[in-house]
Amino acid sequence: MPTIVLKNVVKKFGKIVALNEIDLDIKEGEFFVLVGPTGAGKTTTLRVVSGLEKIDSGELLFGKEDATALSPAERDVAFVYQSFSLYPQMTVRKNLEFPLRSPMYRESGEEINSRVEHVADLLHITPLLDRMPDALSGGEMQRVGIGRAIVRKPQIFLMDEPLSDLDAKLREELRVELRQIQSDLKTTTLYVTHDQVEAMSMGDRVAVLNEGVIHQIGTPKEVYRKPSDLFVAGFIGNPKMNFLSCKIVEGASPALDLEKGLIHVSLSEKMAKKVRGFSKKEGLIMGIRPEAIILHREKGKSRLEAAVLFLEHFGSMNIINLQIGEKILKIRTHPTQTVKQKEKVWLEFEEEHMILFDEETGKSLAIG
Amino acid sequence: MYIMSMIRLINMTKRFGKTVAVKNADLEIEKGELVVFLGPSGCGKTTTLRCIAGLENPEEGEIYIDNEMVNDLPTLDRDVGFVFQHYALFPHMSAYQNISFPLRAMKHKKSDIEREVMKVAELLRIDKILQFKPSHLSGGDLQSVALARALVIKPKVFLLDEPLSTLDAEFREEARTMIKKIHLEIGATTIYVTHDQMEAMAIADRIVTMNLGEIQQIDAPEYVYHNPVNMFVANFLGSPGMNFIDCSLEENNTLKLGLDGKILQINEKIVKKIKAVGEDKAVLMMGIRPEDIKLSFKKDVYGFDMKVTIVEEIGPENIVNLRSGDHVVKVLTDPDILPKTGETVWAVPDQDKIRIFDQQTKKEIL
Amino acid sequence: MDRKIRRKRKKGIKVAGKVIIFIVIAIVFVAYVFPIFWMGVTSLKTKVQIFDPVPKIFFKPTINNYKTFIGTAEGGEVGAGRAGAATSFIAAMGRSILMTTSVTLLSLLLGTMAAYVLSRYNMPGKDDLLFAILSTRMLPPIVVLVPISLLFTNIGLKDTYIGFLLLYTMFNMAFSVWIMKSFFDDVPFSFEEAAMCDGYTRFRAFLKVVLPMVKPGLAATAIFCGILVWNEFLFAIVIGTRKWVFMPPTIFTMSYGAEGIIWGVLASSSLIYIIPVLVFVYLVRKNLLRGITFGVIRG
């Protein structure tokens, strides 16, 4: 299994720059996820790797070999698509056999049979083998679609939102199965999704893209805890990270002034030290995850007053929506925590989870 | 007869050819309530909504809106606002023309129309984009315009068919909050259809869970979550849903699990419950929510051992997938609990949270 | 009580609706089928019976009309069938079948290839090209009749197989390209891409994956192209003067005698003439239904 390396890859469609100097280094056997909103360039990246699109400049290496001139078939990649999956005129079995019968692979009949049965077994689709695709449910179709990719034992799996057309429950189930299969086969996998939960849950590493630019590459935990900029911070996490405008008030003990003087949050000595090092003191944004805000029933120093807008019960947790000036703040609490509508509460921000961003550039300055 | 409800379905059945899309639906919705129809695709939730709107005609049963039987009334006369999944905005009209369309159809005065449109537009914060045509608007804005078009006629009932499903995940959360906020502000009776249980839990006053054309349960979100009537509801709500393990009661009042006959100690209460219904044979199913299981790294008689397969780190929590034979159990843990793949751990269910279901009927044993 | 009555009334309305739909279908059916039925009846009547002011329901059928144009009638109707009618009829039928088949196949082949390229590849001036192709059908054929006839005479294509093949294929191209393009547009490109990743060449992916998915389109195009050639009269009579005489002109000449139209012969030869088309349509009818609606094809 090769590594996949993209260096400075640029891809344009007419005047639109779909990929703007993309650098990626995907390791052998890695499950690598590209995540981002619609139009981020994630699918284009996938298609560039597959050879279905040619790059305009930059390098694409498989291992040490230059892959730019290779055809899709020569690259030995298998593609799993979002909605297309199967050839409608062929049975499930014929669909699975199709790659093995291609002029490039042309396996013996026996080999084809044993491989198809093996894959069918792996994906629990053995009873479906003789059905036509139109007699399958969405989940079954996508299983067969994945089977078609696996059956050929390719060097690389390329998956373009394979779960996004499925019901939420099925998605949850299949994402674990897919991850399991990949870790058994140890095939290098490039997986595209717009669903950040899917990205976090499946990826060994995650690249967050937006408008053709990679914003951050890291493990799911890194991307969640230490977002490199405002975009990543806002995109990863559900509910979203809360953002408050912020400036650093200097003095004997530095503090954070939030929402133009709404509250002064004093900092511990450790944080104060870090903050002193920042070159920029104004025009900042403080980001904090909903689970890093503590709800109090009493006033207190550095606690921000807020009014309860409404409460969302999710069973394993509650999300409390709070009104602060024009903004809505979300905090995540234990399911037993309840509040009444319009009730006044006071919020404490856990300073080790605060992240400061430069409002202009969006880049993280980081504290906590 | 005077009924206090805004919408009432009595024994409604809708068929498409031989398939029964909705079967004997009975439902009452109070004035000002936000009710969510929740279920997987093909469960009949959208069909029910369309029946209420008059876009489909049920074969049997009655539909009342505001105490008036509307079975034979066309959509036009039912006084409902409908928001379609794909917005159904007219592409050749600006946002303003789209929103004012129903008012113009009713031949309101021009000045009245303008006032009403501006009021809704401000409420939805789309007053700045009114002159644009749909092709120039983002997904979130399109959604707002579609909502505004339904809101502007001030219908008795507001019907939303998966209004957020075409939005990107990042906008969906925001739009959901907006819909809830607007509902709190204007208090219109609303029915909201979705297949996303998170969305349902977040905004509903009550959730109507449906499956295979039948209503399973009608209750407030937290109530449904903690007291599901059957296995379908228990698994459909929650992310991940409830875990199930087949089990039977042993002579010595322990549970023999379908995991290679592993034995689980259980407390008196559960034993009594099982015995009370006399179902002590092998037709039981234990249900336990992922967040109600603790992981122990050493043997625990109140737990059962399984192998760790995959740990999903999804930010504020981890989903630990455990396997034993064909059984998969999901456990929700704090983000700092990170067992290794292949490691054996003991899953210890919270005894008070264990639920027992009848394997045949799939219903809960109370 | 009230409810029950209303439900009953509703049921009544439903039944009434079905009856009305049935009646409408019946009327349409009769309107379309009656001429053919009448043609059949007429073909079995003698001249006297045909002109009977009050048509009889029961009559003694005769196959003399058929015998006449096939050329074996003895004595029979006067005026019909010039010398060598038999050879001219069977030969004309053969020529029509040959020409229709060749033109249909060629139109499908060229049309499909052109349509695939126009559907899948982007090129400058694509829209103009598509318009240009369509524009060949914008003039009534009669306008180009004289120029084409002169042109064909000058370059030696008049009254030849190749001449007709080119002419009719040209007529059909606009149709086959546009229809097939719309069918190709409905097949997601990812099907070919997947096949290419699986080790198939572009051309093989086209043959193995895409072509089977546009079968309804092929059937619809084949039928429309075939019928156009089969029924073409104008060019056939002007350009095909001696060697390449097709069925429509043959029927025309056979059924006009000294005393005007010989209805029996016209009816019987026309009836024979529509049989191949009926058989063909019957054979591909399954695909045709989906093809004619030009709807999205689904798996």
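Because the model is predicted, local features need pLDDT of at least 70 and side-chain atom pairs count only at pLDDT 80 or more, while totals for chains, interfaces and linings use all residues. Residues are numbered from 1 along each chain as its sequence is written, chains are lettered from A and ligands numbered from 1 in the order in which they are written, and side-chain values use heavy atoms, with hydrogens and water left out.

| Interface | Buried area | Share from carbon and sulfur atoms |
|---|---|---|
| Chain A and chain B | about 3500 Å² | 54% |
| Chain C and chain A | about 1800 Å² | 64% |
| Domain 1 of chain B and domain 2 of chain B | about 720 Å² | 56% |

## Chain A with chain B

Let us start with the pairing of chain A and chain B, where 37 residues from chain A meet 40 residues from chain B; contact here means heavy atoms within 4.5 Å. The area buried between chain A and chain B is about 3500 Å². On the chain A side, Lys169(A), His313(A) and Phe314(A) supply 17% of the buried area, more than any other three residues.

There are six salt bridges between chain A and chain B, a salt bridge being a side-chain nitrogen of Lys or Arg within 4 Å of a carboxyl oxygen of Asp or Glu. Arg176(B) and Glu312(A) form a salt bridge through their side chains, at 3.5 Å from N to O.

Several elements of chain A give two or more residues to the side that touches chain B, among them helix H6 (168-185), strand E16 (304-313) and strand E17 (318-324). Helices (H or I, at least four residues) and strands (E, at least two) are DSSP runs, numbered from the N terminus. H6(A) gives the most to this side, with seven residues. By class, the chain A side has 14 nonpolar, 11 polar and 12 charged residues. Here Ala, Val, Leu, Ile, Met, Phe, Trp, Tyr, Cys and Pro count as nonpolar, Asp, Glu, Lys and Arg as charged, and the others, Gly among them, as polar.

## Chain C with chain A

Next comes chain C, which brings 16 residues into contact with 24 residues of chain A. Three salt bridges are found across this interface. Glu193(C) and Arg47(A) meet in a salt bridge between their side chains, at 2.5 Å from N to O. Polar contacts link 12 residue pairs between chain C and chain A, with both residues at pLDDT 80 or more.

On the chain C side, helix H8 (190-197) and helix H9 (202-213) each supply at least two residues. H8(C) gives the most, with seven residues. The chain C side divides into nine nonpolar, three polar and four charged residues.

## The two domains of chain B

Chain B is divided into domain 1 (7-236) and domain 2 (243-358), with bounds from an automatic or database domain assignment. Their centres, taken over C-alpha atoms, are 39 Å apart. Eight residues of domain 1 are in contact with six residues of domain 2. In domain 1, Tyr225(B), Met231(B) and Ala234(B) lose the most area to domain 2, together 67% of what that side buries.

Helix H7 (221-226) and helix H8 (231-236) of chain B give two or more residues to the domain 1 side, and H8(B) gives the most, with three residues. That side of domain 1 has four nonpolar, four polar and no charged residues.

## Inside chain C

Chain C comes to 14 helices and two strands. Of its 299 residues, 38% are buried. Among contacts in chain C between residues at least 6 apart in sequence, 74% join residues at least 24 apart.

Ser96(C) sits in helix H4 (residues 85-120) of chain C. Ser96(C) counts as buried because its relative accessibility is 3%, where buried means under 20% relative accessible area, exposed over 50%, and partly exposed in between (1.4 Å probe, protein chains only). Leaving aside neighbours within four places in sequence, Ser96(C) is in contact with Trp230(C), Phe246(C), Met247(C) and Pro248(C).

Technical notes. Buried area is the accessible area (1.4 Å probe) that two parts lose on being put together, summed over both. A polar contact is a pair of N or O atoms within 3.5 Å; within protein, one must be able to donate a hydrogen and the other to accept it, and residues adjacent in sequence count only if both atoms are side-chain atoms.
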